Protein chains: 2
Amino acid sequence: MERVANGIWKLRWGEPEKHTPTALREFDILHEALELLPCKGESPIDPNDINITTTKRGLQIELPLQEGEQVYGFGLQLHRVNHTGRKKMIRVNSDPVADTGDSHAPTPFYVTTSGYGVFVDTSRYATFYCGTNLRKGDSASKKNERKTVGTSEIELYGYQTAEGNRTVLVDVPSAAGIDMYLFEGPELLSAVQRYVLFSGGGCLPPMWGLGMWYRAYSAAQKEDVMRLADGFRKDRMPVDVFGFEPGWQTRAYSCSFLWDEERFPNNQAMLEQLYGMNYRVNLWEHLFVHPTSPMYEQLLDFSGDYEVWEGLVPDLSIEKARKVFAEHHLDTFVSRGISGFKLDECDSSDYVHSNWSFPDAAVFPSGMDGEQMHNQLGTLYQSTLLDPFEASGRRTYSQVRSSGALASPYPFVLYSDLYDHKDFIRGVVNAGFSGLLWTPEVRQASSIEDLIRRIQTVVFSPMALLNCWQIPNPPWLQVEGEKNKAGEFMEDYKWVQETCRELFELRMSLVPYLYTAFARYMKEGVPPFRALVMDYPDDEHTYNIDDAYMMGDSILVAPLVTGTREREVYLPHGDWRDFWTHERYKGGRAYTFSPDLKHLPVFVKDNTLLPLAKPLQYIADDAEFELTVRVYGSSPADFQLYEDDGFSLQHRQGNYNWICLSSRTDGEGLATRRGNFAGSKYTISSWEALG
Amino acid sequence: MERVANGIWKLRWGEPEKHTPTALREFDILHEALELLPCKGESPIDPNDINITTTKRGLQIELPLQEGEQVYGFGLQLHRVNHTGRKKMIRVNSDPVADTGDSHAPTPFYVTTSGYGVFVDTSRYATFYCGTNLRKGDSASKKNERKTVGTSEIELYGYQTAEGNRTVLVDVPSAAGIDMYLFEGPELLSAVQRYVLFSGGGCLPPMWGLGMWYRAYSAAQKEDVMRLADGFRKDRMPVDVFGFEPGWQTRAYSCSFLWDEERFPNNQAMLEQLYGMNYRVNLWEHLFVHPTSPMYEQLLDFSGDYEVWEGLVPDLSIEKARKVFAEHHLDTFVSRGISGFKLDECDSSDYVHSNWSFPDAAVFPSGMDGEQMHNQLGTLYQSTLLDPFEASGRRTYSQVRSSGALASPYPFVLYSDLYDHKDFIRGVVNAGFSGLLWTPEVRQASSIEDLIRRIQTVVFSPMALLNCWQIPNPPWLQVEGEKNKAGEFMEDYKWVQETCRELFELRMSLVPYLYTAFARYMKEGVPPFRALVMDYPDDEHTYNIDDAYMMGDSILVAPLVTGTREREVYLPHGDWRDFWTHERYKGGRAYTFSPDLKHLPVFVKDNTLLPLAKPLQYIADDAEFELTVRVYGSSPADFQLYEDDGFSLQHRQGNYNWICLSSRTDGEGLATRRGNFAGSKYTISSWEALG
C-alpha cells in the first residue's frame, strides 16, 4: 500500500497492463490542493480485507461492503443513481437501454456512504458486482424464515436481494496485474474531491460557455444560419454559442474535416460575421477519417486495422497521429476563430437498430486493442482537441459523446442521442460522482409543456444547450417538427418565446454563481452539479434521490417533466428558501409542489448570499456583470466569488481574484477583492435583503 | 482439418479449453444418419482462408464472408433473423431488450446462404461480427462517391453498412486454443441437419407432449387445481398437460423441491386423481437449492462459491451432484407419475429491474468458471433432469428457460418471460437454425383479439402452451386479470371459449403430422419448425422473413398479431393451397390476406398428402387416431407417416413403423405400413380429394 498523495493510496498487484487510464493520463495530480483536504492518513480499507486472484479470464478483486453501505459512481449512469445490489459493466456504449453499466462515460470508480472511494485503473470492460451475491453457505442460518408465494414478477423477484455484509466483486478481463487507488474521505464528497484532484482537478470553462447554446439544422446553408443568428439578436434571445451540425462538412460519415463550399461559400466571411455579432462557433465532427480528408494519408499508418463508416480510426494515443489531428484543427479551425467542437460517435453502439464501431478485437499501432481503445477513445479525443486551444492560449468549452476515467480536467460536456427526460435529469444527478459534466440537451419536444420543462432542466445544468439539428426554425416558434420545417409557427408562439427568454435570462443571471462553482471544481475538486447524498451522506432519505440535485453549494434544483402537475421534493436538514417566492421551508422532510408551467421547484439554502447578474445577451471577452446579491436569512455565510478574464489561460499564472461577499447587519454588504487579476468583471449594484 | 463425420470437418488450433460444449456433450454423433446425407466431401471453407490469432484478450478467428452471403443462427434470437452486418454476443440472458445476441439460448453456430455451417466449440461469451467492418484501406477506392447529408438518424446511420467481401470475426475471450467444426451443405438446410445430427439428432417428444398444455395459477391450492381439471373435461377443452407453478413447493426462491403440505395436503392422492382424468403433470422449479431442501447438505461441496437467492448453485457437470439431483427427482416425482418439469431461471439476468444469478467470475468445483457455467447451465440442467425419465423408460416433454449448443436431443422447449408477440413469432422462425425448440406461450392477453391471435400462433408451434400462472380462471372466460381473479366472466365468453376449443381441436388434429415432423428431426436432423429461407435458400425474398415459417415439410404458417387486420404473406415458388378454403395460389410472389378473427393465414403445398386426426380430448398411452387424409392436387407425393407407441423408449430398439400414404387416381389412397412396431396408432377413415 503506497501513499501517492494526501489521502490517496495505491495498491499494486502483479504486473499491470501497459494501457490504462493512469498510463494515458495527461494531467498531473494536484498535490497542493490535496494537502489542504484533511484526512486520517490511513487507507480506508485494510489491504488484508482485499482479495485479488487471477484466472485465465483475467483478474478478480473482492472488496468489503458493509450492511447498509450505499454505492455510487461508475460514470455517467443514466438508469440508476444508487448501485447497491447491482452489477455494472464498465463499457462505453451510446444507447444503453437498460441498467447494465453501459454508458457514454463509464468509469471504474465508486464511492460509498462510508466515506471512501475506489478506482480500479483499467481500460477493460470491468464488471463491478456491488453486493449482489452472498458467499456459499451464508444463508443457511436463515432457513426457517417463511415467505409467501408470489403471483407477480415483482413478488417473485423481491426475493432476490442479498442482505448482510457482502462484497464488491470486480471482474477485470484479460489483466494479469492491476493498480487500485483508494481515496480517503472522511465523507463521500471529500472522497470524490480527492478523485477529481487526482485526475488533475475539474475544468474551468470560459464564461461564454456557461451562456446559452443553440445548434442549428443539419441541412442549413449559409442563409439559414445567418437568418437564425440575426433572429436571436433581434428577438433578444440570449445565445452565446452557435453550433454547426454535420452539414458543414463535405463528408460526414466518415468525416472529411473540410468545409462544404457548396452549402457554405465564403465560409470564413460568414464566420467573421457571426463573430462580429458576438457568437462563438462550434463545429460537429467525429474522428473517423474519410478517404477524402487531407489527414487520411498521414493517418493511414497510425490507425486501427478496421474501418468505421469507410473511415480510418486514428490511434490518438500515438503522438504523431495526435499531432496530425490537432494541427489540422488548429490551422483550419481554431486559428480561424472556431471556439469549440462537438465530438460525436466516439463511443460505440450495441443497442441501436444498426450497431457500429470497430471490433473489440481490433488492433491499434500503439498496441492497444479495440476494447481498451473503446473505453479510452473519448478521453484521447478530448485530449487531442484540447491541444489547438492550449496552443492558442484560449479556453474552449466543447461537447463530447464519450468520456471516462480521470476526465474531469477536460472542458467537454457529455450529451446523448437518448432522450428520456427523467434519464436526462438522472444524468445531472449522477455525473458528479465521477467528475464528469453532462447536458440534458433539448432536441425536440412533444408539446409546449415538454419544451419548457426540458429547457428548465437544461438551464440548471452544466451546459444550457438547445440542439435543433432536426428543425430549421427555433422550437419556441414551433415545437412540431413537420410544421417547423414548413415554416408554420404556433398561434401562441409569443408566450412561448417570452417564457423561453425568461429562462434563458435566468441562466444568464446565474453565470457568475455557476462560474464560481466551476472554480471550486478546478481548484478543490468539488463537482458543480451533484447528488444530494454527496452533501448529505448521513441522511438516508437522500440515498435514492435521482430527480433533484445541488447546483453549486447553495441551490437545490428539482426539475419537472411533462405530464406531471406536481412533484415531491425532499429538502435535507436546515432551512430552505423558495427561489421564486423566498418562502422558508424546514428541511428534513419532503414537500409536494405544484408550480405553474413558468416555474420549477428551486430552493436556496437559508443564510446564503447569492449573487445574480443582470442578464446579458452574450458574454463577450470584455463582458461585465452587474450583480444583485440576494441576502437570505439573518446570518448569511460569506460567499467567495471567483473572478478572472473569463476566456484565457492567464488564470494559471495566478491572474484571478476571490471576491469575498459579506453581509452587514444594516442590510448592505461588503465585497473584498483579493488576487492578481487586474481587471474587473463584476460590479455590485444592490444587496437584496430577504429576511 | 480433420474429417469427424460425413460432411463435418474439424479444425483444431492450439490447446482448446477443458470445458466446452463438445467436452460436456452426452449424446453421440449420429454417423449413420450423416452417411445418408450427400456432400462433396471437402471442407466448405479453405483452411487457408481462416485466420486465427491469440492475444491476451483470448482468441480471434476470421472467416470469409462473400458479398451477398446471408448469415443465420446463433440460437434463439428473438430480435432478428438475418444477422448479416450485425454483431452478436453468445451470452445467456433472460430478458435481452435489444439485438445484441444475448438470449435464453445463444449458440456459437451459424449457417449461410452459401450452404455451410460453422460451429465454434466454446462456452465463452464469444462475439461474432458478421461482416460489420471492412479492413483498413478497403474504402479508399470509393472516395469519390458523393452522398447527401442526413437530417434524421436513419439517414445518418444509413451510411454505415460495410459492403463488399467482408469477414465473420469471432472474438473468443480467455481461450488460448479452439476447435471449430465446419458443416457441408450443399444447402443451408442440409448444413443445419448435419449440425443437429452432430449434436445427437433431434428429440422425439411423447405424443401427449404435442397436445394442449395449461399451467395453473401460482397461488392455486388443491381445490383450485381440481376445479380447473374438472372444468376442462366438462367443457370439452382438450388439455393433455397440467402444469403447477411455484406454489407447489414449500420454498420457491430458492427451491426446496418439496411439496407444500399446507396448500396441497395429500398431494399424491390429488396427482392420482389427475392421472385418472388422463392429465400429465408438470412441475415448475429452478436449480438454486434452498437450505431447507433435503439435497442441500449433499450438494454443499458440489456447488459454486456464490449463492443465488439464498440457494446453492449445484455444479451439475460433476457426476455426484447430478446424481443427487436426478435421484431426488426420480424418487420424489418421476416414480410417482410426474411427466415433466419446467426448468426456470437457469439463464441469468442483466436487463430486468433487478439483475440476478451468480457472477461470471464464480468458481465451480469442476473447474468451470461462472461465464462457462452460465452458457452451459441450461443444457446441464436438461441433461440431469432427463436421467429420471431415462431410468423409468418413459419419454418426457418438458420446458426450459435456457439452452445452447448441441441441445437438439433434449426434449425440452424454450420459453420466456418476455412477451412481445412479434418477437415470439420470430422465435419460432429462428430457433430451428440452431436445432432448438421454442414455445410462444400465451400468458395474458390485452383483449379477446390478442388472446385468440396468440393462441393461433401457439397451436402452430412446438408446444401449445397456455401459461396462466397469474390468473385463477381460464383466459377464455375472462381475459382481464383483475376480473379473472374476482371470478367475473366476460359476457361473450361462450363465443371465445368456442373459438379457443376450435383452435385446440385444430392442434389435436395436427398431432400425427407434427409427430412425424419430429421423427424426421430425430432421425434426419430436419427441424420441425423452420424459417422459409431454410427450404428456399435460393429465393432472396425469403432472406428477411421473420413472421412466417414452415411447420413440417408441407405447411406454411403466417400468424397475425392483435391490431392488424391484414398482413402480407410471401409464398415461395410452387403452388400453395389455403388451409381453410383450399383455394390455390401461385408461389413466387406476396399476397395480402385479411382473415377474420377465427382464422390465420395457413397454406399447404400443392400436391401434398396431409393426414389430419379427429381431435381427441387428450392423448392417453393407448390413444388411437382416426385420420382423414387431405389430397391436395392431382399428383401428390407420397407421405411417410411415423408411428410408434408414443410414450416409451422402445422406438430406440426399432419398435416403430413408417406408414407410406399414397394417393390413387380413383380418389382413394393406399397406406403401406413397414417396421417393427406391432401396435396400431392410426386408422384412416377417409381420403378427401381437394383437386
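**Figure 1. Confidence of the predicted model, chain A.** Chain A averages a pLDDT of 95, and 97% of its residues score at least 70; pLDDT is the predictor's confidence in each residue, from 0 to 100. For the model as a whole, the scores are ipTM 0.95 and pTM 0.96. Where pLDDT is low, the predicted coordinates should not be read in detail. Because this is a predicted model, local features need pLDDT of at least 70 and side-chain atom pairs count only at pLDDT 80 or more, while totals for chains, interfaces and linings use all residues. Residues are numbered from 1 along each chain as its sequence is written, chains are lettered from A and ligands numbered from 1 in the order in which they are written, and side-chain values use heavy atoms, with hydrogens and water left out.

**Figure 2. The interface of chain A and chain B.** Here 87 residues of chain A are in contact (heavy atoms within 4.5 Å) with 87 residues of chain B. The two chains bury about 7,900 Å² between them, 47% of it on carbon and sulfur atoms; buried area is the accessible area (1.4 Å probe) that two parts lose on being put together, summed over both. Between chain A and chain B, 32 residue pairs are in polar contact, with both residues at pLDDT 80 or more. A polar contact is a pair of N or O atoms within 3.5 Å; within protein, one must be able to donate a hydrogen and the other to accept it, and residues adjacent in sequence count only if both atoms are side-chain atoms.

**Figure 3. The side of chain A that touches chain B.** β4 (58-65), α2 (153-157) and β10 (166-173) of chain A each supply at least two residues of this side. The largest share, 4 residues, comes from α2(A). Helices (H or I, at least four residues) and strands (E, at least two) are DSSP runs, numbered from the N terminus. By residue type, this side of chain A divides into 29 nonpolar, 23 polar and 35 charged residues. In this grouping Ala, Val, Leu, Ile, Met, Phe, Trp, Tyr, Cys and Pro count as nonpolar, Asp, Glu, Lys and Arg as charged, and the others, Gly among them, as polar.

**Figure 4. Salt bridges between and within chains.** Side chains of opposite charge can pair when their charged atoms come close. The rule used here asks for a side-chain nitrogen of Lys or Arg within 4 Å of a carboxyl oxygen of Asp or Glu. It finds 8 salt bridges across the interface of chain A and chain B. In a close-up of one salt bridge, the side chains of B:K87 and A:D350 meet at 2.8 Å, N to O. Over all chains, a search of the whole structure finds 99 salt bridges. Within chain A, the side chains of A:D102 and A:R91 meet in a salt bridge, also with an N to O distance of 2.8 Å. Both A:D102 and A:R91 lie in the loop between β6 (87-89) and β7 (106-112) of chain A, so the pair ties together parts that are 11 residues apart in sequence.

**Figure 5. Backbone details to look for in the loops.** Most residues other than glycine have a negative phi, and most peptide bonds are trans. A cis peptide bond joins A:G185 and A:P186, with omega about 15°. A:P186 sits in the loop between β11 (178-184) and α3 (188-199) of chain A. In chain B, a cis peptide bond joins B:G185 and B:P186, again with omega about 15°. Phi of A:R236 is near 55°, a positive value in a residue other than glycine, and A:R236 lies in the loop between α4 (222-234) and β13 (241-244) of chain A.
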